[in-house]
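I opened the model and kept notes as I went. The entries follow in the order of my look-ups.

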Amino acid sequence: SVDLIAGPDSYRRMPALLAQARAQVAPGTETPIVVGAEPVIDVVLDRRETYEGLSSTPSADGISGFVTVQRGCDKFCTFCVVPFTRGRERGLAPREILRQVRELVDAGVREVTLLGQNVNAYHGDAPGGGAWGLGRLIRELATLPELRRIRYTTSHPNDVDDELVAAHRNVAALMPFLHLPVQSGSDTVLAAMNRRYTADDFRRVVGRLREARPDLALSSDFIVGFPDESDADFAATRSEEHTSEL
């Protein structure tokens, strides 16, 4: 009963794929021309796809908008399928991001959320050479006078660099909020998850951010019942030693 299977990078080809799927059905009916015909399938990942050239639209409230600046992930956590469904990390060029944000601002948007599967791993080819990270991009967006608020989600602890910390300190438009998944307070479980940091590493990252922005609000993700997680591992996640400073 399935006519079309489309992957995350096939959206630009969707009209042609739909036409191909419809060609297998008798016009004006839902009757297959060939009984048992295979569905049209396009699930190939495109390593170059960054959503360049799209037009962003405001949310229903007309005040906020979303711009995808980064896609893919290189982390390969053992519980996550993102590297296999979205491909490796790649970022949209700053000039294209600025175009989309200006388009939103001209439409009345005053708050923009920057999106990515691992958004703080963002790197885009900068004008004149080199690359911008997320912190540098935020600084540039903050120069748009009618853009009042900037947010981003979601992030990996290992990609919180000095420039991003400085942006939280110095950019007034960057909201004092961060979603930073920790997943577990047990180093044993974190290693099994291939998260590549320890609980103390995570606390140090949060400490740097709070030093830069003391009123920072923090949200996180936790996975409970990970394979082979012991009662002691679970207790470590719940421990006040890990949570009191967050």
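**Surface and overall build**

I note the ground rules here. This is a predicted model, where local features need pLDDT of at least 70, side-chain atom pairs count only at pLDDT 80 or more, and totals for chains, interfaces and linings use all residues. Residues are numbered from 1 along each chain as its sequence is written, and side-chain values use heavy atoms, with hydrogens and water left out.

I checked the extent next. The C-alpha trace spans about 65 × 50 × 35 Å along its principal axes. I find nine helices and 11 strands. These are DSSP runs numbered from the N terminus: helices are H or I with at least four residues, strands are E with at least two.

Of the 246 residues, 41% count as buried. My cut-offs are under 20% relative accessible area for buried, over 50% for exposed, and partly exposed in between (1.4 Å probe, protein chains only). I then took contacts (heavy atoms within 4.5 Å). Among those with a separation of 6 or more, 71% join residues 24 or more positions apart.

**Aromatic pairs**

I searched the whole structure and found three aromatic pairs. Rings of Phe, Tyr and Trp (its six-membered ring) pair if their centres lie within 6.5 Å; planes under 30 degrees apart are stacked, over 60 edge-to-face, and the rest tilted.

One of them is phenylalanine 79 with phenylalanine 226, an edge-to-face pair at 6.5 Å centre to centre and 85° between the planes. The partners are 147 residues apart. Phenylalanine 79 is in the loop between strand S4 (70–71) and helix H2 (82–86), and phenylalanine 226 in the loop between strand S11 (217–219) and helix H8 (231–238). Phenylalanine 79 is partly exposed at 33%. Phenylalanine 226 is buried at 11%.

I also logged tyrosine 197 with phenylalanine 202. This pair is tilted, at 6.3 Å and 35°. Tyrosine 197 is buried at 6%, and phenylalanine 202 is buried at 2%.

**A charge over a ring**

Arginine 136 lies over the face of tryptophan 132, 4.2 Å from the ring centre. The test asks for NZ of Lys or CZ of Arg within 6 Å of the ring centre and within 35 degrees of the ring normal.

**Histidine 168**

Is histidine 168 buried or exposed? It is buried, at 1% relative accessible area. I place histidine 168 in helix H5 (residues 162–170). Beyond neighbours within four places in sequence, histidine 168 contacts Tyr152, Leu174, Met175, Phe177, Leu209, Ala212, Arg213 and Leu216.

**Arginine 88**

I found arginine 88 in the loop between H2 and strand S5 (90–91). Arginine 88 is partly exposed at 39%. Not counting residues up to four places away in sequence, arginine 88 touches Arg47, Arg71, Gly72, Cys73, Asp74 and Phe76. I also took its distance to arginine 148: 32 Å, C-alpha to C-alpha, at 60 residues apart in sequence.

**Isoleucine 41**

My last stop was isoleucine 41, in strand S2 (residues 40–42). Isoleucine 41 is exposed, with 52% relative accessible area.
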